[in-house]
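Here is a friendly walk through one protein model. Take a look at the sequence and the fold, and then read on.

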Amino acid sequence: MALNLRQKQTNCIIRMLNLNQSPNSNGTGNEEVYKVLIFDKFCRDILSPLIHIKDLRKHGVTLYFIIDKERQTIPDVPAVYFVQPTQSNIQRIVLDASRSLYESFHLNFSSSLPRPLLEDLASGTLKTDSIQRISKVFDQYLEFVTLEDNLFSLAQPSCYVQLNDPSAGDREIEEIIEKVASGLFCVLATLAVVPIIRCPRGGPAEMVASALDLRLRDHLISKNNLFSEGGNLGSSFQRPVLCIFDRNFELSVGIEHDFKYRPLVHDLLGLKLNAVSVKGEKGGSRSYELDGSDPFWVANGNLEFPEVAVEIETQLGKYKKDVDDVNRRTGGHEGAEFDGTDLIGNTKHLMNAVNSLPELTERKQVIDKHTNIATVLLGEIKERSLDSYAKKENDMLTKGGIDRNELLSVLRGKGTKIDKLRFAIIYLLSSEVTPQSEVEAVEAALREAEVDTCAFQYVKKIKSLNVSLASANSASKSNIVDWAEKLYGHSINAVTAGVKNLLSSDRQLALTRTVEALMDGRPGPETETYLFFDPRSPKSNSNAGSNHMKGPFKEAIVFMIGGGNYVEYGGLQEFAVRQQPAKHIIYGTTEVLTGIEFVDQLSILGQKMGLGSTVAPPSN
């Protein structure tokens, strides 16, 4: 596919490591230049999922350091800096140059270096008589973290809190919107595409879409723009559609328990930058990488957990059969572990066995890895009855409610305090009308379990405002009500995800269904009010949009402001591969959040609004 974000970002990084020269056919520099790599913590996270230490060595990087750590002088060696364009980083670069730590400085900034900082760099190196050490300065437009071929994060924490904070002023909101638009611009620059932009009317999605549209227009005017190679003026099939949403579009997905493998690993084990740490039997912990190099993870990440357990058994059975087959052909003992020691027989079979040893060893390592991960997951599932939580939440969101006795029995049963809080919030979101007596019983059960109810009260407040204002709207009860604008003076959409049963009976996420409608370009109630931006068209026509620019599209970039998750990512990928011909969808977000992390942000907002109760420590 044309839009392979991971590959394109990796290519940019390899070029940067080769002093911004194109690598040769081997993927290495044209000449062997040993160098030092300096990065800040943010850029280290960009590199981490894309390039391993052995790959750094392949590109001549012999040492690497964090920029704010004290470093020794290494003369006669060039240094590649990869950092964010911040005041503190510029000051450190000037200090390093003044101390002549390295022979030459190749400076690479993760996004565009603002002119004031460029001037600080120039004046600082001039004052210290070290400007000659600065070889090149590059804006790399790489300020995002690519986790998989079709998954990226801007790594901008707490966006949901910042955008929904009732005390936030216009200036603060604008800064956040600009930061998100800047991150998205970096993604589009790396892909070298100018998309058609679609978004709901009002709220952060429209604000980001407008800011991004303006930024793209300004950039396209310049002669040496970053999009000269891609995003031509052809039909919509040559350009992707960028669909921008904000987390309030479908709140429940960020909170619910999910029973698929990838979301479970993320939620329970804290998958971060494609790595997870699992406790071993002897008390120690072991770190595993879960990325595109792991065939089992790629093939089974979207399966329900029980199916994954069956698949592990199947893979183990195939491995044992292949080991027995090799041992039998080489005269070994059937059932023996394949360790390469029991190899006799004719030369041909011996050579085949030797050649198959690395592949068999690698397969066994993958099986062992996922057996260990699945064992830990199973322990958590049993201890907390997470299968029951996932099923009952799914039923609530599909059917629009739950029996009162069943509801209270879950809240008084197994599970952590956060499990119960998440379940209670899903109950609130699952139906348009929740009886007051039921809500009071839920609140009592949460207090009984000593659960902090700030997040619950915050969602309850959003829902009551949403329903009361919607009932006053004669146009349509299903309209998104812009309550925050009335209350706090800035525009944020508040949507109850379960209202009017946004989820269809087969539990297709509302996001997936909306993206499908936008990609097909078909008119419908879900997308008829969506705004249209084409940064390549004259400004006066930007909201009209010619019919062929409204779809159909075979490629899409879907972006969620305020926190995304592996549930939405998996849903979009499943939809994409089911299509004939297959569509291609990249999913991105301001940050990838677990249910616990998102509920924490809801709790902060509840506290800011003076809602709920923070549980006090028990008295002696």
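## Overall make-up

Of the 620 residues in this predicted model, 54% count as buried. The protein holds 21 helices and 14 strands. Taking contacts between residues at least 6 apart in sequence, 77% join residues at least 24 apart.

The average pLDDT of the protein is 85, and 83% of the residues score at least 70. Confidence is highest in strand 7 (residues 151–153), at a mean of 98, and lowest in helix 18 (residues 483–488), at 36.

Two stretches deserve a careful eye. Residues 230–237 stay under 50 in pLDDT, and the model gives them 20 contacts beyond four places in sequence. Where pLDDT is low, the predicted coordinates should not be read in detail.

## Helix 13 and its partner

Helix 13 (residues 386–399) has 14 residues, which at 1.5 Å a residue should span 20 Å; the end C-alpha atoms are 20 Å apart, so the two values agree. Its buried residues are Leu 386, Tyr 389, Ala 390, Lys 392, Glu 393, Met 396, Leu 397 and Thr 398. After the helix comes Gly 400, with a positive phi near 85°.

Helix 13 packs with helix 15 (residues 417–430) at an angle of about 10°, and the two axes are 9 Å apart. Because of that angle, helix 13 counts as roughly parallel to helix 15. Helix 13 contributes Leu 386, Tyr 389, Lys 392, Glu 393, Met 396 and Leu 397 to the contact, while helix 15 brings Asp 419, Lys 420, Arg 422, Phe 423, Ile 426, Tyr 427 and Ser 430. By class, these residues are 7 nonpolar, 1 polar and 5 charged.

## Helix 15 meets helix 21

How do the axes of helix 15 and helix 21 cross? They come within 11 Å of one another and cross at roughly 70°, with helix 21 covering residues 595–608. This makes helix 15 roughly perpendicular to helix 21. On the helix 15 side the contact uses Ile 418, Leu 421, Arg 422 and Ile 425; on the helix 21 side it uses Gly 595, Ile 596, Val 599 and Leu 602. The contact has 6 nonpolar, 1 polar and 1 charged residues.

Ile 255 touches residues of this contact, among them Arg 422, Ile 425, Gly 595, Val 599 and Leu 602. Its other contacts include Ile 426, Leu 429 and Phe 598. Ile 255 sits in the loop between strand 9 (241–246) and helix 9. Its relative accessible area is 0%, so Ile 255 counts as buried. Although Ile 255 and Gly 595 are 340 residues apart in sequence, their C-alpha atoms are 4.6 Å apart in space.

Is Lys 272 buried or exposed? With 59% relative accessibility, over the 50% cut-off, Lys 272 counts as exposed. Lys 272 lies in the loop between helix 9 (261–269) and strand 10 (275–279). Lys 272 and Leu 593 are separated by 321 residues in sequence, and their C-alpha atoms are 9.9 Å apart.

Glu 148, in strand 6 (residues 145–148), has 12% relative accessibility and therefore counts as buried. Setting aside neighbours within four places in sequence, Glu 148 is in contact with Arg 6, Arg 262, Trp 297, Tyr 566 and Tyr 569.

Helix 4 (residues 87–98) has 12 residues and reaches 17 Å from its first C-alpha to its last, close to the 16 Å expected at 1.5 Å a residue. Which of its residues are buried? They are Asn 89, Ile 90, Arg 92, Ile 93, Val 94, Asp 96 and Ala 97. Their cover includes strand 3 (78–83), strand 4 (104–109), helix 5 (115–127) and strand 5 (134–139). Ser 100 follows helix 4, with a positive phi near 50°.

Helix 16 (residues 436–448) has 13 residues, so at 1.5 Å a residue it should span 18 Å; its end C-alpha atoms are 18 Å apart, in agreement. Glu 438, Val 439, Ala 441, Val 442, Glu 443, Ala 445 and Leu 446 are the buried residues of helix 16. Glu 450 follows helix 16 and has a positive phi, near 60°.

Definitions and conventions: Residues numbered from 1 in each chain as written. Predicted model: local features only at pLDDT ≥ 70, side-chain atom pairs only at ≥ 80, totals over all residues. Heavy atoms only, no water. Helix = DSSP H or I, 4+ residues; strand = E, 2+ residues; numbered from the N terminus. Expected span 1.5 Å × (residues − 1). Buried < 20%, exposed > 50% of the residue type's maximum accessible area, 1.4 Å probe, protein only. Axes fitted to C-alpha atoms, helices over the stretch in contact; angles between N-to-C directions. Parallel < 35°, antiparallel > 145°, perpendicular 65-115°, else oblique. Contact = heavy atoms within 4.5 Å. Nonpolar A, V, L, I, M, F, W, Y, C, P; charged D, E, K, R; others polar. pLDDT = per-residue confidence, 0-100.
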